[in-house]
Amino acid sequence: MKLCGFRISNYHNKVRLALLEKGIPHEEDPSCFPSQDAAYLARSPMGRVPFLETPHGVICESQVICEYLEEAYPDNPLYPRDPFARAKVRELIQVFELNVELVARRTYPAAFMGAPLSDEAKAAIKADLAKGVRAFLQLAKFDPFLAGAEFTLADCAAAMHFPLIAAGTQRVFGADIFADVPQVAAYVERIVQRPHVARVLADSREAFAQLMASRRG
Ligand SMILES: N[C@@H](CCC(=O)N[C@@H](CS)C(=O)NCC(=O)O)C(=O)O
């Protein structure tokens with residue numbers, strides 16, 4: 001089993017964290033970067049990271065990969081047993097990723113690569129984010145984990161997405177979109193106490209610093 005991607009990617013890190021939390025032996029190829037080359041597209045049809053090489057073939061899409069891991073490796077579960085509770089965790093992940101992370105993602109080229117972003121585009125992102133954040137906060141429990149009493153895949157996703165969303169929106173709007181939500185700051189402080197979360201985030205920061213240094217050089 002090989003996780004292919006790069007450690008700056010929050011979606012790569014979400015899967016890496018799930019692998020570590022579940023204790024699944026794996027290799028990592030942290031040198032795969034998004035590409036539209038035919039050879040890369042054969043492994044990752046949208047040319048994105050992450051993808052997982054398994055003995056049976058390749059799987060892309062972080063959530064699908066995590067669902068596969070959960071089914072193929074039932075030990076150390078990252079979903080509750082009860083079907084309704086499982087659905088609520090999936091709902092939380094999907095609402096967060098589709099309506100918050102994917103919307104905040106529209107700030108990343110401007111925030112991290114100096115790309116232009118018009119005032120109209122900024123206003124549209126802000127309006128879409130307001131809807132997504134409201135929906136997400138309606139569902140999130142923070143008690144103490146995102147979906148309630150147990151650490152779940154929702155935490156694997158959120159623990160990796162929050163820092164990037166914070167950095168992107170801070171740089172583009174001058175304030176983290178969650179700045180006025182104290183439950184989020186408290187949650188982030190709490191979740192980094194978990195050794196695997198701390199390790200994956202530290203590796204991500206190191207990879208980001210290396211990328212910046214290589215660009216300067
Ligand atoms: N829905 C995908 C999103 C993955 C994604 O957006 N990956 C980014 C890096 S964090 C990427 O490869 N971007 C390049 C592109 O979209 O062409 C997943 O969950 O795996």
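This note comments on the fold and on selected backbone features of a predicted model.

1. Overall architecture. The protein chain contains nine helices and four strands. Along the sequence these elements run in the order β-α-β-α-β-β-α-α-α-α-α-α-α.

2. Dimensions and packing. Taken along the principal axes, the C-alpha atoms occupy a box of roughly 45 × 40 × 30 Å. Of the 217 residues, 35% are buried. Among contacts between residues at least 6 apart in sequence, 69% join residues at least 24 apart.

3. Cis peptide bonds. The bond from Val49 to Pro50 is cis, with omega near 0°. Pro50 sits in the loop between helix H2 (38-43) and strand E3 (51-54). The bond from Asp143 to Pro144 is also cis, with omega near -5°; Pro144 belongs to the loop between helix H6 (119-139) and helix H7 (153-173).

4. Glu61. This residue, which is not a glycine, has a positive phi near 75°. Glu61 is found in the loop between strand E4 (57-60) and helix H3 (62-72). It is partly exposed, because 18 other C-beta atoms lie within 10 Å, whereas a buried residue would need 20 or more.

5. Asn76. A positive phi of about 50° occurs at Asn76, again not a glycine. Asn76 is placed in the loop between H3 and helix H4 (83-104). With 12 C-beta neighbours inside 10 Å, Asn76 counts as exposed.

Definitions and conventions. Residues are numbered from 1 along each chain as its sequence is written. This is a predicted model: local features need pLDDT of at least 70, side-chain atom pairs count only at pLDDT 80 or more; totals for chains, interfaces and linings use all residues. Helices (H or I, at least four residues) and strands (E, at least two) are DSSP runs, numbered from the N terminus. Two residues are in contact if their C-beta atoms, placed from the backbone, lie within 7 Å.
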